[in-house]
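Please read the following briefing alongside the sequence and the model. It covers the ligand site and then a few backbone features.

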Amino acid sequence: MLAHGTGQKPHAIFIPYPLQGHVIPSVNLALKLASKGFIVTFVNTQSIHHKISKAQPGSGGDIFADARKSGIDIRYETVCDGLPIDFDRSLNHDQFMASLLHVFSAHVEELIRRIVQQASPPLTCLIADTFFVWPSILAKKFGLVYVSFWTEAALVYALYYHVDLLRLNGHFGCIDKREDTIDYIPGVSSLEPTDLMSYLQDTDTSTVVHQLIFKAFQDDKGADFVICNTIQELEPETISALQLEKPFFAIGPIFSSGFTKSMVATSLWAESDCAQWLDTKPHESVLYVSFGSYAHIGKQEIEEIAHGILLSGVYFVWVVRPDIVSSEDTDPLPEGFREEMGNRGLIVPWCNQNSVLKHPAIGGFLTHCGWNSTLESIWCEVPMLCFPLLTDQFTNRKLAVDDWRVGLNFKSKLGINQKEVADKIKTLMNGNAECRKEIKNVKKALENASGPDGSSEKNFDQFIKDLTLRIQKKELST
Ligand code: UDX
């Protein structure tokens with residue numbers, strides 16, 4: 001594939017958001033672009049790079065070194081996010097976000113300037129996470145085409161995109177918020193205010209995260225293309241409505257080509273092996289419990305969940321991330337829990353989630369409904385017990401439970417107690433025929449979309465064609 005004006009391949013600089021759930025699909029997408037003939041310069045923050053290298057000591061200074069051996073041209077750079085490498089971004093979340101809001105772009109600008117001066121072939125395009133507040137400004141400055149990468153559901157994009165409509169109708173950002181159904185967002189038949197992303201349910205809308213989101217969606221207006229990790233057949237109306245606004249391509253699910261194995265190290269924590277333990281357990285008898293990479297849970301809730309899991313009597317693998325409550329409380333499980341669970345459970349700080357979900361012993365997933373986890377669970381046909389904690393997870397719950405019927409609700413507004421936890425787990429693990437049937441259908445939709453003639457593959461090819469044309473046009477006009 002050659003860019004017309006120069007006769008050279010398109011060269012993209014790809015900058016993922018420096019959070020685990022964004023780095024993973026970004027690495028996978030970068031590999032896919034490179035396999036289609038793009039030259040990709042992939043940029044992690046120094047902090048993310050440091051965590052990956054520490055978690056997987058073999059990954060060395062360049063996480064793409066092995067991938068390059070397959071012949072693709074993918075280069076690797078790191079950039080400072082504005083804070084010292086060892087600064088605790090989990091504990092000081094708002095300071096981290098403030099740095100991404102105010103400081104990060106200056107470092108990125110310096111990096112792009114250097115790459116623009118040195119790159120061969122020349123840099124032609126910037127692919128960056130939609131949540132950044134600066135891509136369209138920097139793309140303009142350096143004459144690059146800007147591709148905004150949205151790693152979450154199209155529904156979530158649509159709701160942020162139309163935040164002014166929510167405000168106008170009194171569902172967001174006012175004192176007496178309406179509590180009735182939201183039925184006026186283009187392409188969204190209806191949803192309840194409790195299905196909104198947590199940031200759109202908050203009463204204080206002046207936080208650093210709010211400023212960041214509003215500014216990011218302002219910047220996103222300057223995007224030449226938006227590519228989204230979703231599937232056309234799963235969100236058809238929402239995607240069609242967005243396509244009336246801008247070039248929007250559904251290209252998901254974006255997994256690594258091996259699904260359970262990746263050529264590139266991406267985990268920020270060392271992965272514990274679960275296979276040996278799982279191999280000893282009967283088919284679909286084990287509950288997998290994980291609340292993702294980002295959100296925190298209260299200590300009280302952890303205790304109720306822990307006692308509830310024991311009460312349910314099922315086998316379980318539980319990822320207790322070292323900062324799940326706080327990085328100052330690295331072992332938040334109730335006293336005596338480990339002794340009581342014995343061989344019924346396996347507690348790990350982090351694992352290769354895709355390998356665990358694919359294991360035949362897994363029969364259910366108690367999940368926070370992160371978008372990656374949702375897609376991965378569907379791919380492995382593992383029904384979910386949905387316990388959203390933050391951000392888009394409430395909206396993903398709505399898609400998984402209400403629309404696609406591949407999961408059960410868990411959270412009650414009144415909080416949780418161990419008896420309820422145990423009952424829900426038993427319902428999920430013992431039969432639950434509807435979810436198990438529906439998840440097979442939704443999995444089929446994902447599989448078809450990513451097949452050679454599937455919608456995501458076609459959309460991906462169309463996106464590359466349109467992007468190449470846009471790059472050529474830009475080159476001819478300069
Ligand atoms: C947040 C948002 O909620 C999510 O919707 C967004 O897409 C990214 O940021 P996060 O907590 O990172 O979510 O969850 P999720 O999207 O599910 O991503 C977590 C990733 O880490 C998944 O790809 C999962 O496979 C991986 N993971 C998780 C592991 O590899 N090992 C683990 O032990 C736990």
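In the class counts used here, Ala, Val, Leu, Ile, Met, Phe, Trp, Tyr, Cys and Pro are nonpolar, Asp, Glu, Lys and Arg are charged, and the others, Gly among them, are polar. On that basis the shell around the ligand has 14 polar, 7 nonpolar and 3 charged residues. The model is predicted, with local features needing pLDDT of at least 70 and side-chain atom pairs counted only at pLDDT 80 or more, while totals for chains, interfaces and linings use all residues. Residues are numbered from 1 along each chain as its sequence is written, and side-chain values use heavy atoms, with hydrogens and water left out.

**Ligand shell**

- The shell holds 24 residues, of which Ser293, Cys351, Ser373, Glu376 and Asp392 come nearest to the ligand; a residue is near a molecule if one of its heavy atoms lies within 4 Å of it.
- Domain 1 (11-263 + 451-477) and domain 2 (275-431) each supply at least three residues to this shell, the domain bounds being taken from an automatic or database domain assignment.

**Polar contacts and cover**

- Three side chains place an N or O atom by a ligand oxygen, at 2.9 Å for asparagine 372, at 2.5 Å for serine 373 and at 2.4 Å for aspartate 392, where a polar contact is a pair of N or O atoms within 3.5 Å.
- Of the 660 Å² of accessible area that the ligand has on its own, the protein covers 97%, as computed by the Shrake-Rupley method with a 1.4 Å probe.

**Pocket and contributing elements**

- The ligand sits in the largest pocket, in the sense that more than half of its atoms lie within 2 Å of the pocket's grid points; on a 1 Å grid over the protein atoms alone, a pocket is an open set of points where a 1.4 Å probe fits, with protein on both sides within 12 Å along at least five of seven lines.
- Two or more shell residues come from each of helix H1 (20-35), strand S8 (286-290), helix H15 (353-358), helix H16 (371-379) and helix H17 (393-403), where helices (H or I, at least four residues) and strands (E, at least two) are DSSP runs numbered from the N terminus.
- H16 gives the most to the shell, with 4 residues.

**Backbone features**

- The peptide bond from serine 120 to proline 121 is cis, with omega near -5 degrees, and proline 121 belongs to the loop between helix H5 (104-118) and strand S4 (125-129).
- A cis peptide bond also runs from glycine 252 to proline 253, with omega near -5 degrees, and proline 253 lies in the loop between strand S7 (248-250) and helix H12 (275-278).
- Glutamate 381, although not a glycine, has a positive phi of about 55 degrees, and its place is the loop between H16 and strand S12 (384-386).

Conventions
A polar contact is a pair of N or O atoms within 3.5 Å; within protein, one must be able to donate a hydrogen and the other to accept it, and residues adjacent in sequence count only if both atoms are side-chain atoms. On a 1 Å grid over the protein atoms alone, a cavity is a set of points where a 1.4 Å probe fits but cannot get out, and a pocket is an open set with protein on both sides within 12 Å along at least five of seven lines; lining residues have an atom within 4 Å of a point.
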